[in-house]
Amino acid sequence: MTKGQAIHNFFNSFGVKAYPITSLPKDVTFPYMTYEPAIAGRGKSVNSTVNLWDYSASEADINAKANEIQQAIAGGASIQCSDGAIYAYIDAWSPITNENDTAIKGRTANITLTLNTL
């Protein structure tokens, strides 16, 4: 599996549909995530900004999902690919807002991706 495919599968493994920020469909439904499809070279690290979005009057659901993802990556996560393994580490989630609709809740985090080759 290529690095890009492995990263895509990783971001889609949290029970929320995830899209590269450059490929968000017009008919997207909540909840969903967007991510920067950044790929590091050997032994290098790159940050990928991840945004989590939900539509709700409450903060409870988005906070629960952000916490779930945080816990899954907190100690680092290994993403297997044909070049070796990509290690993912997450910073804290921060709230983001949609000025047009207060029912749209958002969270953003930076995930550091480091490629270690075989």
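This is a predicted model: local features need pLDDT of at least 70, side-chain atom pairs count only at pLDDT 80 or more; totals for chains, interfaces and linings use all residues.
1. A search of the whole structure finds one cavity of 30 Å³ or more, and the largest cavity holds about 40 Å³ of space. Its lining is made up of Lys 3, Ile 7, Ala 38, Ile 39, Ala 40, Ile 86, Leu 113, Thr 114 and Leu 115.

2. Two elements, α1 (3–11) and β7 (104–117), each give two or more residues to the lining of the largest cavity, and β7 has the largest share, with three residues. In terms of residue type, the lining of the largest cavity divides into seven nonpolar residues, one polar and one charged.

3. Turning to the rings, the count comes to six aromatic pairs. In one of them, Phe 10 and Phe 14, the ring centres are 5.3 Å apart and the planes stand at 80°, so this pair is edge-to-face, planes over 60 degrees apart being counted in that class. Phe 10 and Phe 14 are both buried, and together with Phe 11 and Tyr 35 they form one aromatic cluster.

4. Phe 30 and Tyr 55 also form an aromatic pair, and here the arrangement is tilted, with 5.7 Å from centre to centre and 40° between the planes. Because Phe 30 lies in the loop between β1 (17–20) and β2 (32–35), while Tyr 55 belongs to strand β3 (residues 45–55), the pair ties together parts that are 25 residues apart in sequence.

Notes:
Residues are numbered from 1 along each chain as its sequence is written. Side-chain values use heavy atoms; hydrogens and water are left out. On a 1 Å grid over the protein atoms alone, a cavity is a set of points where a 1.4 Å probe fits but cannot get out, and a pocket is an open set with protein on both sides within 12 Å along at least five of seven lines; lining residues have an atom within 4 Å of a point. Grid points are joined across faces, edges and corners, and a volume is the space filled by probe spheres set on the points. Helices (H or I, at least four residues) and strands (E, at least two) are DSSP runs, numbered from the N terminus. Ala, Val, Leu, Ile, Met, Phe, Trp, Tyr, Cys and Pro count as nonpolar, Asp, Glu, Lys and Arg as charged, and the others, Gly among them, as polar. Rings of Phe, Tyr and Trp (its six-membered ring) pair if their centres lie within 6.5 Å; planes under 30 degrees apart count as stacked, over 60 as edge-to-face and the rest as tilted. Buried means under 20% relative accessible area, exposed over 50%, partly exposed in between (1.4 Å probe, protein chains only).
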